Amino acid sequence: MAEPATDTILVLNGPNLNMLGTREPEKYGHATLADVEKLCRDTAAQFGLKADCRQSNREGELIDFIHEAHGRKMAGIIINAGGYSHTSIALHDALLAVQIPTVEVHVTNIHARESFRHHSYTARAAFASLCGFGIEGYRLAIQGLAAKLGITKA
């Protein structure tokens, strides 16, 4: 793995995560995607990192963002691929191709939900996976990524 050239991490959210706050609040809570992005920027800053937050409902665009992270030599990736986690070999392959330390996040506990959600292709391409912590999972993921990168709080 090449040494990252930037102090930026990619926080990538997949399909339907733009609906956080209104989509099934009994499962996903009332926090919005804007709340998640602020949490990520604030947490990253504690480690001297910048969070580049992106969201797309389109698989190809998510892959383009991953490729861009490689081109920009980003330090790490936090990914919540939503439903694509369970179906997208292409996202799995993109994450493996770029060789950037990656943490997978899910707001809900995917293992306590429908059986089709129990398998995650993106988890197989990540060094860690967090689920069930609500949006706090993003904070934990950034803390874990910083530890993996050998970064202590700024």
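Predicted model: local features only at pLDDT ≥ 70, side-chain atom pairs only at ≥ 80, totals over all residues.
**View 1. Helix α2 and its buried face.** Here we look at α2, a helix of 14 residues covering positions 33–46. From its first C-alpha to its last, α2 reaches 20 Å, close to the 20 Å expected at 1.5 Å a residue. Leu33, Val36, Glu37, Leu39, Cys40, Thr43 and Ala44 are the buried residues to look for in α2. Seen down the helix axis, the buried residues of α2 fall within an arc of 160°, so they line one face of the helix. Their packing partners are β1 (8–13), β2 (50–55) and α5 (136–149). Just past the end of α2, you will find Gly48 with a positive phi of about 70°.

**View 2. The largest nonpolar core.** This core has 27 residues, and Ile9, Val11, Cys40, Ile78 and Tyr138 touch the most other members. Two or more residues come from each of β1, α2, β2, β4 (102–106) and α5. Apart from this core lies another, of 18 residues, which includes Leu62, Ile63, Ala69 and Ile100.

**View 3. The surroundings of Tyr138.** Leaving aside neighbours within four places in sequence, Tyr138 is in contact with Val36, Leu39 and Cys40, among others. Its contacts also include Val11, Asn13, Ile78, Asn80, Val105 and Val107.

**View 4. Residues annotated as a binding site.** An unreviewed UniProt entry lists Asn80, His86, Asp93, Val107, Thr108 and Arg117 under "binding site". Thr108 has 10% relative accessibility, and buried means under 20%, so Thr108 counts as buried.

Terms used: Residues numbered from 1 in each chain as written. Heavy atoms only, no water. Helix = DSSP H or I, 4+ residues; strand = E, 2+ residues; numbered from the N terminus. Expected span 1.5 Å × (residues − 1). Buried < 20%, exposed > 50% of the residue type's maximum accessible area, 1.4 Å probe, protein only. Arc of directions from axis to C-beta. Contact = heavy atoms within 4.5 Å. Core = buried A, V, L, I, M, F, W, Y, C linked by side-chain atoms within 4.5 Å. UniProt positions renumbered as here; feature names shortened; annotations may be inferred.
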